[in-house]
Amino acid sequence: KYIVGNLGRFFCHYWKNSDPRARHYYELIREGTPVRLYFDLEFCKEANPQITPDECEALMREFIDELSFEFRSIYNITINRSFVVDLDSSTSKKFSRHLIVH
């Protein structure tokens with residue numbers, strides 16, 4: 001099932017007309033269309049029991065620091081944590097973070 005429309009129409013359909021247990025969507029990005037850089041970072045917690053929540057946060061900080069270094073080194077663009085939207089979709093079984101660079 002597909003929906004085409006502006007953001008307001010999408011959210012109206014998504015929040016009002018969709019079963020909360022079935023709220024999954026994928027964005028189609030046309031070739032040549034500008035997009036934001038994003039990362040989908042995941043790992044299975046059961047397969048990595050040694051990684052604590054504090055270590056997860058340290059790894060996220062390190063990832064963003066490395067990303068900032070590369071942007072500065074390669075493109076001469078300065079970014080910091082405030083340029084990154086950090087969405088946490090983790091569950092008890094899976095670490096899942098989605099980072100969007102603005």
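Ser96 is placed in strand 3, where helices (H or I, at least four residues) and strands (E, at least two) are DSSP runs numbered from the N terminus. In this predicted model, local features need pLDDT of at least 70 and side-chain atom pairs count only at pLDDT 80 or more, whereas totals for chains, interfaces and linings use all residues. Residues are numbered from 1 along each chain as its sequence is written, and side-chain values use heavy atoms, with hydrogens and water left out. At 1% relative accessibility Ser96 counts as buried, a class that means under 20% relative accessible area, with exposed over 50% and partly exposed in between (1.4 Å probe, protein chains only). Apart from residues up to four places away in sequence, Ser96 touches Asp40, Leu41, Glu42, Leu87, Asp88, Ser89 and Ser90, contact being defined as heavy atoms within 4.5 Å.

Leu99 also has its place in strand 3 and is buried, with a relative accessible area of 1%. The C-alpha atom of Leu99 is separated by 5.3 Å from that of Tyr38, although these residues are 61 residues apart along the chain. When neighbours within four places in sequence are left aside, the contacts of Leu99 include Tyr38, Phe39, Met60, Phe63, Ile64 and Val84.

Leu99 belongs to the largest nonpolar core, which has 11 residues, the others being Phe43, Cys56, Met60, Ile64, Leu67, Phe71, Ile79, Val84, Phe95 and Val101. Such a core is a set of buried Ala, Val, Leu, Ile, Met, Phe, Trp, Tyr and Cys residues joined through side-chain atoms within 4.5 Å. Helix 2 and strand 3 are the elements that give two or more residues to this core, and the largest share, 5 residues, comes from helix 2.

Aromatic pairs were assigned to rings of Phe, Tyr and Trp (its six-membered ring) whose centres lie within 6.5 Å, with planes under 30 degrees apart counted as stacked, over 60 as edge-to-face and the rest as tilted. By this rule the count comes to 3 aromatic pairs. Among them, Phe39 and Phe63 form an edge-to-face pair, at 5.0 Å centre to centre and with 85° between the planes. Phe39 lies in strand 1 (residues 38-44) and Phe63 in helix 2 (residues 53-75), so this pair ties together parts that are 24 residues apart in sequence. Phe39 counts as partly exposed at 22% relative accessibility, and Phe63 counts as partly exposed at 27%. Phe43 and Phe95 form a stacked pair, with 4.8 Å centre to centre and 15° between the planes; this pair links distant parts of the chain, with Phe43 in strand 1 and Phe95 in strand 3 (residues 94-101), 52 residues apart. Phe95 is buried, with a relative accessible area of 7%.

The second largest pocket is lined by Glu27, Leu28, Ile29, Arg30, Thr33, Pro34 and Val35. A pocket is here an open set of points on a 1 Å grid over the protein atoms alone, where a 1.4 Å probe fits, with protein on both sides within 12 Å along at least five of seven lines, and lining residues have an atom within 4 Å of a point.
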